[in-house]
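The structure is shown first, and the comments follow.

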Amino acid sequence: MKKILLASALALSVLSCKENKSENAPIAENAIDNSESSISGSLKSGRKDNMIDKIYFELLKNDKNLKALDDKVSKVSEESGKVLSLYSETLNKSESFYLDAHQQAEMIKDSLLKQQVEKEIKISADQYDLKISNVKELIAKVNENSDHINNLYTAFKIRKTLPEIVKYQNAHPLKADSLENFINKQNHLLNELKNFK
């Protein structure tokens, strides 16, 4: 008997949830409802699947200037990766060489020879560091600018989508009626269960 009552309670809760969804159906069109219904290739092919990006993508579809800005940011981000990759291979190979040279020099048993080789490695590494110091500063500046662009663009997207969440909230007012009705049903069932013999 208890299983039947529990099954009834579950069925009531499912039905109540379905009623609640239909009562809170969208009243006005907004970017959030559109983002839920449209299947955007851009979201599936690289953008993160989060609410900000979903809403922002909907805004991009209807605003050429916004789309142009998004394209510029994406292009600069892509170019940044390409530019840095041109330097990273040479820098990484040089760094690996000096690490390997130090490790192999440690294995030299002759202490005088070992000191001479370590000194030569250090001189070469210091000269190379001096030669590329400007390049390293510029790479650091590229990374700093990329971070700054990402931060500003993220803030911009959040600010641009905030009004859309307000539109969505206004289009989907949450009324307590369904919840109150369901709580009454639950309370009725609770009383029935308490008094059942």
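1. Are α4 and α5 parallel or oblique to each other? The model is a predicted one, in which local features need pLDDT of at least 70, side-chain atom pairs count only at pLDDT 80 or more, and totals for chains, interfaces and linings use all residues. Residues are numbered from 1 along each chain as its sequence is written, and side-chain values use heavy atoms, with hydrogens and water left out.

2. α4 and α5 pack at an angle of about 120°, their axes lying 7 Å apart; axes are lines fitted to C-alpha atoms, for helices over the stretch in contact, and angles run from 0 to 180 degrees between N-to-C directions. The two helices are therefore oblique to each other, given that angles under 35 degrees count as roughly parallel, over 145 as roughly antiparallel, 65 to 115 as roughly perpendicular and the rest as oblique. Tyr 56, Leu 59 and Leu 60 of α4 meet Leu 66, Lys 67 and Asp 70 of α5, where contact means heavy atoms within 4.5 Å. Four of these contact residues are nonpolar, none is polar and two are charged (Ala, Val, Leu, Ile, Met, Phe, Trp, Tyr, Cys and Pro count as nonpolar, Asp, Glu, Lys and Arg as charged, and the others, Gly among them, as polar).

3. Helix α4 (residues 51–61) also packs against helix α6 (residues 111–171), at an angle of about 75° and with the axes 9 Å apart. That angle makes α4 roughly perpendicular to α6. On the α4 side the contact includes Ile 52, Asp 53 and Ile 55, and on the α6 side it includes Tyr 153, Phe 156 and Glu 164. The residues of this contact comprise seven nonpolar, one polar and four charged.

4. The largest nonpolar core has ten residues, among them Leu 84, Leu 91, Tyr 98, Ile 121, Tyr 128 and Ile 139. Such a core is a set of buried Ala, Val, Leu, Ile, Met, Phe, Trp, Tyr and Cys residues joined through side-chain atoms within 4.5 Å. α5 (64–106) and α6 are the elements that give two or more residues to this core. Another core, of six residues, lies apart from it and includes Tyr 56, Leu 59, Leu 66 and Val 73.

5. For the chain overall, there are seven helices and zero strands (DSSP runs numbered from the N terminus: helices are H or I, at least four residues; strands are E, at least two). Buried residues make up 22% of the 197 residues, buried meaning under 20% relative accessible area with a 1.4 Å probe, protein chains only.

How values were computed
Buried < 20%, exposed > 50% of the residue type's maximum accessible area, 1.4 Å probe, protein only.
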